[in-house]
Amino acid sequence: MEHEQTLSPTPQKRVFIKTYGCQMNVYDSDRMADALAPHGYAPTGDIAQADLVLLNTCHIREKASEKVFSELGRLKELQGERRALGGDMMIGVAGCVAQAEGEEIARRAPVVDLVFGPQAYHRLPDMLQRAEGQRHLHPALKRAVVDTDFPEEDKFAHLPAAKKDVTVARGLTAFLTVQEGCDKFCSFCVVPYTRGAEVSRPVHQVLDEARRLVEAGVKEITLLGQNVNAYHGVDAAGRSVGLGELAYLLAEMSGLERLRYTTSHPRDMDDALIAAHRDLPLLMPYLHLPVQSGSDRILKMMNRKHTGADYRALIERIKTARPDMALSGDFIVGFPGETDQDFEDTLAIIRDVGYASAYSFKYSTRPGTPGANLGDQVAEEVKTERLYRLQELVTNQTNDFHASCVGRTLPVLIERLGRMPGQVGGRSPYLQAVHLEGSADLIGSIQMVEIIGTSTNSLVGRLALAAAA
Ligand code: SAH
Ligand code: SF4
Ligand code: F3S
């Protein structure tokens with residue numbers, strides 16, 4: 001996933017932010033833009049105009065990390081061209097690669113002026129000033145400003161909020177990070193090292209930010225966390241509030257129409273959260289609940305701390321509370337020691353659960369994780385073949401799920417103009433893209449839409465006027 005930010009430029013300095021990785025990075029990129037705004041930086045979508053380029057990076061798999069270094073190679077050329085014309089361009093690396101590799105990035109890519117981890121974003125203006133202070137120095141004397149601390153202070157309390165017009169321009173749906181970091185230490189995963197220990201934002205901070213979003217016209221909020229259902233923020237009385245209870249509090253906010261959250265861990269799906277799915281119509285019936293493998297032996301080696309049977313039982317409980325719940329998952333194929341039978345167990349759990357969508361990856365050895373020390377690596381061609389078979393199964397399930405929606409009438413949040421004139425587009429409760437004939441004044445409303453067909457990765461519908469009246 002790559003996202004490039006596009007907001008209107010100002011006559012002052014311009015920042016181009018390129019985002020890799022998960023939704024939390026998408027959220028963070030916006031927050032970095034918000035932190036820079038009071039210091040005269042406006043976002044641009046045109047890298048050629050940028051005085052500052054920030055790469056917000058992802059370390060989750062080897063390929064994701066390597067992308068950063070090839071991008072830095074390209075940026076070096078661009079910077080050279082700018083300098084030849086008497087201009088300049090500063091380059092910063094943020095995100096999880098920055099956190100994991102720190103100084104090493106500056107050594108490997110001297111073109112970089114700034115390297116800073118996710119917990120330092122509120123210090124960005126200060127770091128930038130320090131880096132700018134070195135601009136007059138001979139290149140050999142310059143040193144990248146590096147900040148990969150996990151500071152004591154609350155980053156979120158120090159990050160400025162977006163201006164209302166900026167939030168309006170960002171659209172009808174918004175991300176809101178409520179929790180960061182992870183204490184689970186799955187043996188394959190870098191997140192506990194790049195994002196640090198689990199921290200939840202206090203309830204009042206989350207509600208204030210949600211209110212600002214809704215006041216700027218946001219209709220749908222997705223609560224984010226590396227382990228979002230481990231959320232345990234304190235409320236004004238000093239009580240610990242879980243994600244389920246937080247959902248009930250947000251459900252009372254008038255103007256907020258839809259609520260989602262991601263990514264959840266099966267072990268943190270507690271009764272209160274499941275009850276929220278039963279009770280709260282605004283909580284959308286689409287849940288990303290990764291299981292990674294269907295083999296108990298592999299789950300144990302992955303340190304997931306649950307079995308396939310635990311996961312199946314959990315899905316049953318969730319579906320009892322919310323029968324139309326659609327599920328999404330993540331799967332890793334070729335974890336060290338994965339046999340044909342282990343892989344068949346993964347296919348079996350996918351068949352039994354039935355996913356509306358799923359993401360799947362070949363196991364990628366990450367330095368510093370316990371998985372990196374395991375022997376018995378699975379051959380690359382075996383991983384390739386398993387991934388292919390898994391994705392074929394999941395694609396069929398996704399297509400079946402889309403097809404099962406034909407003939408149903410679903411509430412669709414109309415978010416934008418469609419590709420064709422006279423069309424609008426939005427999302428179903430199950431996060432499917434829906435296209436239909438309709439005018440621009442529908443944008444921002446939830447309409448009852450009869451699903452009349454499917455097209456690649458989306459649904460085709462028509463306004464069910466009688467139902468909407
Ligand atoms: N917190 C989430 C996942 C975050 S990482 C959870 O626990 O489910 C997103 C996904 O990347 C993971 O679910 C996993 O499927 C995949 N992933 C993480 N580390 C990986 C690795 N070393 N190799 C391949 N895939 C990996
Ligand atoms: Fe990584 Fe596991 Fe934490 Fe998810 S729960 S972020 S996979 S360590
Ligand atoms: Fe990647 Fe960091 Fe997210 S490693 S998946 S950007 S938490």
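The span of residues 168-400 is 40% helix and 18% strand, and its end C-alpha atoms lie 36 Å apart; helices (H or I, at least four residues) and strands (E, at least two) are DSSP runs, numbered from the N terminus. In UniProt, an unreviewed entry places the feature "domain: Radical SAM core" at residues 168-400; UniProt positions follow the numbering used here, feature names are shortened, and annotations may be inferred rather than shown by experiment. The model is predicted, so that local features need pLDDT of at least 70 and side-chain atom pairs count only at pLDDT 80 or more, whereas totals for chains, interfaces and linings use all residues. Residues are numbered from 1 along each chain as its sequence is written, chains are lettered from A and ligands numbered from 1 in the order in which they are written, and side-chain values use heavy atoms, with hydrogens and water left out.

The residues around ligand 3 are Cys22, Asn25, Thr57, Cys58, His59, Ile60, Cys96, Arg195 and Gln226, of which four are nonpolar, four polar and one charged. The unreviewed UniProt entry gives the annotation "binding site" to Cys22, Cys58 and Cys96. These residues span 75 residues in sequence, yet no two of their C-alpha atoms are more than 10.5 Å apart, so they gather at one spot. Cys58 is placed in the loop between strand S4 (52-57) and helix H2 (62-84).

A closed barrel of five strands runs S18-S19-S20-S22-S21, with mixed pairing; two strands pair if DSSP finds at least two bridges between them. Strands of a sheet pair through backbone hydrogen bonds, either parallel or antiparallel. Strands S21 (residues 446-455) and S22 (residues 458-463) run antiparallel and are joined by six bridges, and Val449 has Leu463 of S22 as its bridge partner. Helix H15 (residues 380-405) lies across strands S18 (409-417), S21 and S22, at about 125 degrees to S21. Here contact means heavy atoms within 4.5 Å, and axes are lines fitted to C-alpha atoms, for helices over the stretch in contact, with angles from 0 to 180 degrees between N-to-C directions.

Note on methods. A residue is near a molecule or strand if one of its heavy atoms lies within 4 Å of it. Ala, Val, Leu, Ile, Met, Phe, Trp, Tyr, Cys and Pro count as nonpolar, Asp, Glu, Lys and Arg as charged, and the others, Gly among them, as polar.
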